Amino acid sequence: MDLHELIARGEGEELEFKQKTTHPHRISRTLASLANTRGGQLLVGVDDAGRVVGAHYVEPPLTTLRYQELEEDGRIVLLVQIPESSHKPHRAQVAPGDWRGYVRVRDASVQTSSLTEKLLERQPS
């Protein structure tokens with residue numbers, strides 16, 4: 001699937017657009033929610049309207065992520081593949097010492113309840 005086909009699909013439960021990565025807690029929340037749901041794709045360098053703006057700084061710290069650089073009009077877009085995890089739940093740091101779980105619901109990363117986290121822990125690997 002090429003970049004234009006992905007963008008045409010629009011954001012959803014398995015696809016997220018991020019214009020930039022200047023807020024690590026937002027990216028970590030998205031990564032955790034995709035890993036805790038069905039996995040998905042993250043396009044860094046594409047704004048919410050689907051315009052290619054280019055990625056200026058990306059350094060994913062997780063070794064399980066797969067990424068590919070795509071080019072559009074001399075601008076780089078980073079396509080990040082996040083596989084569904086067999087080690088749930090994952091949590092994102094939203095502030096120092098504050099870790100929260102998220103899952104994907106349609107086109108949003110939604111904070112998990114304690115019951116949802118218990119259910120994620122019990123899912124077979």
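This is a predicted model: local features need pLDDT of at least 70, side-chain atom pairs count only at pLDDT 80 or more; totals for chains, interfaces and linings use all residues.

I started with Phe17, and found it opposite Leu43 in strand S2. My strands are DSSP runs of E with at least two residues, and my helices are runs of H or I with at least four, numbered from the N terminus. Residues are numbered from 1 along each chain as its sequence is written, and side-chain values use heavy atoms, with hydrogens and water left out.

S1 and S2 (residues 40-44) run parallel and are joined by four bridges; I call two strands paired if DSSP finds at least two bridges between them.

Which way do the side chains of S1 point? Leu15 and Phe17 go one way, Glu16 and Lys18 go the other way, and all are buried. For me, buried is under 20% relative accessible area, exposed is over 50%, and partly exposed lies in between (1.4 Å probe, protein chains only).

Then I stepped back to the sheet. It is open, with four strands in the order S1-S2-S4-S3 and mixed pairing. S1 (15-18) and S3 (66-72) are at the edges with a single partner strand each, so one side of each lacks a neighbour in the sheet.

On to the charges. I noted eight salt bridges in the structure, each a side-chain nitrogen of Lys or Arg within 4 Å of a carboxyl oxygen of Asp or Glu.

I looked up Glu13 and found its side chain in a salt bridge with Arg38, at 2.2 Å from N to O. Glu13 sits in the loop between helix H1 (3-9) and S1, and Arg38 in the loop between helix H2 (24-36) and S2, 25 residues apart. Glu13 is partly exposed at 24% relative accessibility. I also saw that a network of salt bridges links Glu13, Glu14 and Arg38.

My next pair was Arg91 and Glu117, whose closest N and O atoms are 2.5 Å apart. Arg91 belongs to strand S5 (residues 91-95) and Glu117 to helix H3 (residues 114-122), 26 residues apart. Arg91 is partly exposed at 38%, whereas Glu117 is buried at 13%.

Last, I checked Asp98 and Arg100, which form a salt bridge at 2.7 Å, N to O. Asp98 is partly exposed at 24%, and Arg100 is partly exposed at 31%.
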